[in-house]
Amino acid sequence: MLEKIILLLCCSCAVAQHLCTPDASDGYKVRLSIKTALEGQAYEWNENEMFLFRATLAFAMRNHIREQKFEVSNIIVCNETPRVSFWFVVTSPESTSVLIGKEDVEEAVRKSRNRINSAFLLTDKTLEFIGILPTLAAPVDPDTPPWLIVFGVVMGIVGAGIILLLVSSVVQKKRKNEMTDDEENCEETRVKTVENGSVGEGVYNMSFSDDERFTQM
Amino acid sequence: MKLVLPNPGLDLRIPDYNDLERMDKEEAADRPKWDNKAQYILTCVGFCIGIGNVWRFPYLCQSHGGGAFLIPYLILLVLEGMPLLLMEFAIGQRLRKGSVGVWRAINPYLTGVGIASMLVSLLIGLYYNTLIAWIMWYLFNSFQEPLPWTQCPLNENRTGYIPECQQSSTVDYYFYRVTLDTTTSIAESGGIHWPMVVCLLAAWTFICACYIRGISTSGKAVYVTAILPYIVLAIFLIRGLTLKGAMNGVKFLFTPNVEELMNPTTWLDAGAQVFYAFSLAWGGLISFSSYNPVHNNCKQDAVILSAITGLTSIYAATVTYTIIGFRASEKYDNCISQNIRTLLNTFNLPEDSITETNYDSAYKHLNSTYPDIVLGLDIQICDMQKLLNEVTTLHVYTMFIMLFTLICIVFLQGVEGTGLAFIVFTEAITKMPGSPVWSVLFFVMLLCLGLSTLFGNIEGVVVPLKDLNVLPKKWPQEALTGVTCAFAFIISLLFAQQSGLYWVTLFDNFAGSVPLLTIGLFEMIAVVYIYGIDRFNEDIQFMIGHKPSIFWQASWRFFSPVIILVILVFYLVTQAQQELTYLVWDPNSDKFPVLASVPYPSWINAVIFLLAGVPSLVVPFYALCRLVYVTCKQKEQQNDKISHVP
C-alpha cells in the first residue's frame, strides 16, 4: 500500500515536473540580479530562497484568484541557472495537471509586484519577469504649477522695483524744482534789504566785514 | 601712409581738445557717467562674456579637435580683436557720443554705419532675450522636487512612457514639447504658446527694470551679473574636478591636434568667434566708453578686456570639459556594463563571472567558443576616444541641451536610470543639498551672463534712437527705456509661437554674422581712412599721454581689416554654395531622435535678406540717399539765388 502511494506521488511529481519546460506556453522566465542590487549585502541564492519565491508567488495567486487556495506545491520551477534565472509554471490547486493561464499569472504578478520585490529586497529592474512589463509610477503632478508661483513672486519684486525707481525720480525732480524756487526767493530777499538801505533790517554779510569795524583808538 | 579721403568740416563737427578739457572739468550733468572705473570694466566684461562663451566656445573646441582650437583663437584675439576694441574705445571716448553720433560727427555720409549698428543690436537683442526667457522658464521650474525634466509622462495603459519621450530623453522631451511645443517646420506657426509669452514678459520687464535709468541702474546691476557667473563656474569647476573621468576631458582639451591647425575652417571659425565674443560693431562699446573721463587710459582697458575674455573662455571651456570627460567616462562604463549584462543573460553565467577588469578576456573566450551566438547579440564596441570626440550638431539648442544634460547628470542624478547601479558616484553627491539648488544656481548663472550682454545691447539701441530723433530727446530716460522694451516685447512675440525655436536659429545664423562683419569692416575704413589714422594717433596721445606703438599701427592699417575681409568673403562664398537647410524636431521622421535636416521654404530668402542684407546695405544706401538729398537741395538753392537776383 505504502509503495503504491509513494509511486503515485513520484508519478505525479514527474508529471508535474513535465509541465514545466523552458518556453512553456503558460510559463514565465524569472531573472534575479541580486549582486547588482545589493552589492556587499547580497545573499546567497539557495533552496530556502527558492522556497520563499514559490511561497510569495502562491501568495500572489491567492490574492488574484480568491476562490482557490494555492499552495507552495502549485508553483513548479525548472531550468535553474547560475545566473539565477529559472522558469516557473502555476498549476491549479484542484487538479495538478492543469496549468493556470498566462494572463491570470501575469495579472497576479502585476498586482502584487511590490510585495514580491520587497520580499527579496529587489526592484522591478533587478527582479525581472521576462514578458511582464512593470507598471510605472505616475510622474508627480502638483495642482498649481510651482513655476507660476515663482513667476508671480519675481514679477512682483521687479514691478515694485520699477515703481519705486519711477517714484523716486519724480520726487527728486520735485525737490530740485523746490530748491531752485528757494534760491530765487533768497535772492529776492537780499534785494529787498539792499533796497531798504537801513542797517538794522538786513542780514549782516560777514564775508565782507573788516577785522576792525571800529577804528581803534 | 598719408592715404586719407577728403573730409571737409570735420573740425566743426567734433569737440576740440580745449572743449574736451573744459567738459572734463565741468562734469556736464546731462551726460551720464560711471560712478567708478570698476563699474565701467565690469559692464564691458559682462557685455563681452555672454552665454556664447559657455557653450559656443567649448563646442568649437570640440569640433576642431580639442585644444588645437585655442591656438588660432588666442592669436586672432590679439591680432584682430584687441585693435578693434581699442579703436571703438578710443573713438567713443574722444568724440563723446553714441554710435550714430560718432559716425555722424566723422562724416554725415557715414551715419549709415550707426544705423546699421542699431539695427543689428535690435535684431540680436530680440532673439537673445528669447534665450533669457527660456532660461527664466527653467529657473522658475527649478523650485520643485523632483525636477520636472527628470520624468516622462506615462502613456495610456501606464506600462511605458510616451513614445516621443521614450525614444529621445526626458530632457529633450521637456525642452521641445513641454517648454516650446515645437511644430515640425518653420512654416507651421502653430499659434502662440502662452507659457513662453509669460516668460518673455518677465524677461523684458526685468531688463527694463535694470536699465530704467540708463547706466546709473545697470551700472549697479553689473556688480552682481558680471561677478556671479565666475563664482558659480568656480563651484562647478571644483565639483567637476572631483568626478570620475574629468581629467580625461581636461587632458583632451589641452592636447592640441596639430593637424587641425592646417585646416582653414579652424582659423575662420576662430576669427569669427573672436569677433562675436567681443561684441564689436554692436555700438554698445562706443556708447559705454563715451561716458568715461577724457583722460581715461583706454589702451590699458582694451588689453585688460582682451585678457579677461581670453582667460574666461578657457576657464569656461575647462569647466565644460571636466563634465564632458565625466560624461564620456560614464558612457564608456555604461557601454561595457551593457555588454556584460547581455553576455551574462544570454549564457546564463553567474553575476560576478564577468566584470569590467576581465571583460576583454571573457569576451574573447566566449567569441571563440560560440561565435554565432555572440554575433547575433549585437555587442557594441566601447571606445573612449571616440566618445570624447563626439560632436553634437550646432543647432542653437542642441548645445544648450547637451550642456544642460551634462549638468543634470552630474548634479541632479536620475536622468538616466539604466546603468546608474554600475556607476560609482562619489559620496559627495549624496551629501549635497537637493538637486533643485544646483539647478537654480546653474540657471541664475546663465541669466546673469545673458543680462549683462543685454545691457550693452539695449544701450546700442536706445542711444542711437535718441540721436536719430526717432525718440524725442526731451523724454526722460525711463520713458525711452520703457517704450523700447515694450516695442521689442511685441515684436519678440514672434518667438513665442510654436515654431519659435526655428526663428531663433534663423536669427542666430543670419542676423548675427554677416552684418557684424561688414559693419566692423566699414568702421575700420572710416576711422583709418576718413577720420585719419594720424589724427586718431594724436587723439590717443592727448587722451593717454603717448602714441600707440607700431603693433597697433600695423594692426589698424593692415592686419585687422584684412582678417575681417577674408572671413567675410569666405563666409559669403560658403553660404552661397550651401543649400539652406535647418534642423527640425520631428517625432515622425526616420532618424528621430536625431534632428532631421530639412530645406527652408522659398519665402525664407526674403526674411534672410531683411536680417542680413538690410543692415549691411544700409551703409551705402544711406550715403547714396544723402548725396541725392544734398544735390537736390543745392540745386534748389541755386535756383532761388538766380530767381532772387534783381
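**Close-up views of a predicted model**

Tyr138(B) and Tyr174(B) are both buried.

**View 1. Stacked rings of Tyr176(B) and Trp585(B).** The ring centres of Tyr176(B) and Trp585(B) are 4.0 Å apart, with 10 degrees between the planes, and the pair is stacked. Tyr176(B) lies in helix H9 of chain B, whereas Trp585(B) is in the loop between strand S1 (581–584) and strand S2 (596–599) of chain B, so the pair ties together parts that are 409 residues apart in sequence. Tyr176(B) and Trp585(B) are both buried.

**View 2. One of 42 aromatic pairs over all chains.** Tyr138(B) and Tyr174(B) make an edge-to-face pair, 5.6 Å centre to centre and with 70 degrees between the planes. Tyr138(B) comes from helix H7 (residues 111–140) of chain B and Tyr174(B) from helix H9 (residues 170–179) of chain B; the pair links distant parts of the chain, 36 residues apart.

**View 3. A cluster of rings in chain A.** Ring pairs join Tyr28(A), Trp45(A), Phe53(A), Phe86(A), Phe88(A), Phe120(A) and Phe129(A) into a cluster. Over the ring of Tyr28(A) sits the charged end of Lys102(A), 4.6 Å from the ring centre.

**View 4. A charged end over a ring in chain B.** The ring is that of Tyr109(B), and the charged end of Arg626(B) sits over it, 5.5 Å from the ring centre.

**View 5. Positions annotated as "binding site" in UniProt.** The unreviewed UniProt entry places this feature at Gly46(B), Asn53(B) and Leu449(B). These positions are spread over 404 residues of sequence but cluster in space, with a largest C-alpha distance of 11.2 Å.

**View 6. Surroundings of Asn53(B).** Asn53(B) is part of helix H4 (residues 51–63) of chain B. Its relative accessible area is 4%, so Asn53(B) counts as buried. Neighbours within four places in sequence aside, Asn53(B) is in contact with Cys48(B), Pro58(B), Thr309(B), Ser313(B) and Ala316(B).

**View 7. Surroundings of Leu449(B).** Helix H22 (residues 435–467) of chain B contains Leu449(B). Leu449(B) is buried, because its relative accessibility is 4%. With neighbours within four places in sequence left aside, the contacts of Leu449(B) include Ile49(B), Gly50(B), Ile51(B), Val54(B), Thr225(B) and Pro229(B). Gly46(B) is also in contact with Leu449(B), and UniProt lists both residues under "binding site".

Definitions and conventions:
Residues are numbered from 1 along each chain as its sequence is written. Chains are lettered from A and ligands numbered from 1 in the order in which they are written. This is a predicted model: local features need pLDDT of at least 70, side-chain atom pairs count only at pLDDT 80 or more; totals for chains, interfaces and linings use all residues. Side-chain values use heavy atoms; hydrogens and water are left out. Rings of Phe, Tyr and Trp (its six-membered ring) pair if their centres lie within 6.5 Å; planes under 30 degrees apart count as stacked, over 60 as edge-to-face and the rest as tilted. Helices (H or I, at least four residues) and strands (E, at least two) are DSSP runs, numbered from the N terminus. Buried means under 20% relative accessible area, exposed over 50%, partly exposed in between (1.4 Å probe, protein chains only). A charge sits over a ring if NZ of Lys or CZ of Arg is within 6 Å of the ring centre and within 35 degrees of the ring normal. UniProt positions are given in the numbering used here, feature names are shortened, and annotations may be inferred rather than shown by experiment. Contact means heavy atoms within 4.5 Å.
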